[in-house]
Amino acid sequence: MADLLTNGTVLITGGAGFIGSNFIPYFLEKNPNVKVVNLDKITYAGNLNNLNEIITHPNYTFIEGDICDYALVSKLFKDYDVNGVINFAAESHVDNSINSPRQFIKTNIEGTFNLLEIARKYWKEKEYRFHHISTDEVYGSLPKDGYFTEDSIYQPNSPYSASKASSDFLVRSYHHTYGMNVVTSNCSNNYGPKQHDEKLIPTIIRSAIKGVKIPIYGNGKNIRDWLFVNDHCIGIDKIYQQGVTGETYLLGGNNEYDNLTIAKKICKILDSKIPKENGSYLNQIEFVQDRLGHDFRYAIDASKISNELGWKALENFESGLEKTVDWYLNKYQS
Ligand SMILES: NC(=O)c1ccc[n+]([C@@H]2O[C@H](COP(=O)([O-])OP(=O)(O)OC[C@H]3O[C@@H](n4cnc5c(N)ncnc54)[C@H](O)[C@@H]3O)[C@@H](O)[C@H]2O)c1
């Protein structure tokens with residue numbers, strides 16, 4: 001299997017999004033014999049500028065298109081002799097899924113199904129690998145204690161997490177029914193450079209430096225586990241190369257913080273980097289109406305990937321957050 005995975009062509013979907021655009025440069029450098037075809041629809045969430053550093057890389061090809069387009073994806077499998085898929089493409093913002101869920105069903109469920117069907121049709125080798133990128137949100141909400149593991153029951157609560165759960169089940173079924181060589185990874189909230197402005201951390205930084213209110217849902221007590229995106233990329237590469245077929249791996253950063261604490265930490269970093277004349281950025285924090293059906297807490301027990309594949313998150317949260325703030329300051333101030 002190692003040969004197929006370290007040579008050949010991998011179809012990476014959604015590679016112009018936050019995680020994909022951090023992953024592709026890492027993956028190309030780590031695997032110099034692998035070619036990457038990045039298929040991305042460039043929705044409002046995709047940004048090709050995030051891939052400027054590898055745009056002329058000889059092993060990189062970009063194709064603008066939709067994972068739901070059967071003819072296009074089939075042509076890519078044929079023309080590029082695709083022998084691996086890493087599926088990042090998704091509608092990813094929970095709030096959008098609450099306001100207009102239809103596109104989540106289309107891309108996240110139907111799109112994943114389309115990729116699986118085409119892989120089933122074209123792949124003669126059982127070794128060709130399909131890696132599906134998913135989220136810890138499929139497991140629902142935790143109380144104050146306890147952790148999600150690979151054995152946790154699926155209890156998705158939002159249209160977003162329900163669409164991701166559906167896609168996970170489709171991937172699972174292609175392994176059990178057709179023997180496809182699949183792996184699925186479910187990770188906690190990522191943070192780092194290149195994330196879309198709509199997400200929590202960029203929103204906090206942008207609002208702070210613009211001098212407007214920093215909106216925090218409800219009472220700010222909802223807890224997420226935060227994983228630095230580079231650590232996630234290292235984990236994805238490991239799972240793609242070494243994960244056991246049919247298995248699921250959970251990745252987490254072991255950084256549990258509630259939203260209010262995240263906002264306060266960022267304000268303190270900003271206070272030290274670009275102090276305001278009239279007080280602290282902390283004064284801009286304001287509670288706003290809570291998200292509908294807001295899950296209380298997500299937390300990950302990542303012992304399986306740690307024990308079996310030797311992965312653990314390396315970035316310290318304080319330094320990761322500072323790097324992240326620096327990246328967005330550069331973006332928003334230039
Ligand atoms: N960001 C996180 O914290 C997080 C956490 C856990 C899991 N995930 C999962 O990781 C994956 C990537 O997340 P992200 O944060 O990078 O998302 P993102 O929204 O930043 O990027 C998604 C990318 O997919 C593309 N896309 C959307 N619909 C498409 C379609 N129909 N065909 C082709 N391309 C399409 C977009 O243009 C964009 O480039 C998603 O599957 C998401 O569910 C993300």
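Predicted model: local features only at pLDDT ≥ 70, side-chain atom pairs only at ≥ 80, totals over all residues.
Reader: Let's start with the ligand. How do you know which residues come nearest to it?
Author: There are 28 residues around the ligand, and the nearest are I19, D40, S92, Y160 and K164.

Reader: How much of the ligand does the protein cover?
Author: On its own the ligand has 840 Å² of accessible area, and the protein covers 97% of that.

Reader: Which elements give two or more residues to the shell around the ligand?
Author: Helix 2 (18-30), strand 5, helix 6 and strand 7 (189-191) do. Strand 5 gives the most, with three residues.

Reader: Helix 6 came up there. How do you know what span to expect from it?
Author: Helix 6 covers residues 159-178, which is 20 residues. The expected span is 1.5 Å times one less than the number of residues, and for helix 6 that comes to 28 Å. From first C-alpha to last, helix 6 reaches 28 Å, so it is close to expectation.

Reader: Which residues of helix 6 are buried, and what do they pack against?
Author: The buried ones are Y160, S161, S163, K164, A165, S167, D168, V171, Y174 and H175. They pack against helix 4 (94-99), helix 5 (102-122), strand 5 (129-135) and strand 6 (181-187).

Reader: Why is the phi of D81 worth a mention?
Author: Most residues other than glycine have a negative phi. D81 is not a glycine, yet its phi is positive, about 55°. You'll find D81 in the loop between helix 3 (70-80) and strand 4 (82-87). K194 is another non-glycine with a positive phi, about 80°, and it sits in the loop between strand 7 and helix 7 (200-210).

Reader: Are D81 and K194 buried or exposed?
Author: D81 has 57% relative accessibility, and exposed means over 50%, so D81 is exposed. K194 has a relative accessible area of 12%, which is under the 20% limit, so K194 is buried.

Reader: Why is T61 called partly exposed?
Author: Because its relative accessible area is 25%, which falls between the 20% and 50% cut-offs. T61 is in strand 3 (residues 60-64). Leaving out residues up to four places away in sequence, T61 touches V36, V37, N38 and Y80.

Reader: How far is T61 from S167?
Author: They are 106 residues apart in sequence, and their C-alpha atoms are 26 Å apart in space.

Reader: What makes N255 buried?
Author: Its relative accessibility is 10%, and buried means under 20%, so N255 qualifies. N255 lies in the loop between strand 10 (248-251) and strand 11 (256-258). A polar atom of its side chain is 2.9 Å from the backbone oxygen of W226. Apart from neighbours within four places in sequence, N255 is in contact with R224, D225, W226 and F317.

Reader: And R297, why is that called buried?
Author: R297 has a relative accessible area of 2%, under the 20% limit, so it counts as buried. It is in the loop between strand 12 (285-288) and helix 10 (303-309).

Reader: Which backbone oxygens does the R297 side chain reach?
Author: The backbone oxygen of D145, at 3.1 Å, and that of K144, which lies 3.2 Å from a polar atom of the side chain. Beyond residues up to four places away in sequence, R297 touches several others, including G140, F148, I223 and E256.

Reader: Last one: what does the UniProt record list for residues 11-324?
Author: In an unreviewed entry, UniProt lists them as "domain: NAD(P)-binding". In the model that span is 40% helix and 18% strand, and its end C-alpha atoms lie 28 Å apart.

Technical notes: Residues numbered from 1 in each chain as written. Heavy atoms only, no water. Helix = DSSP H or I, 4+ residues; strand = E, 2+ residues; numbered from the N terminus. Buried < 20%, exposed > 50% of the residue type's maximum accessible area, 1.4 Å probe, protein only. Contact = heavy atoms within 4.5 Å. UniProt positions renumbered as here; feature names shortened; annotations may be inferred. Near = heavy atom within 4 Å. Areas by Shrake-Rupley, 256 points an atom, 1.4 Å probe, with all protein chains shown as cover. Polar contact = N/O pair within 3.5 Å; in protein donor to acceptor, adjacent residues only side chain to side chain.
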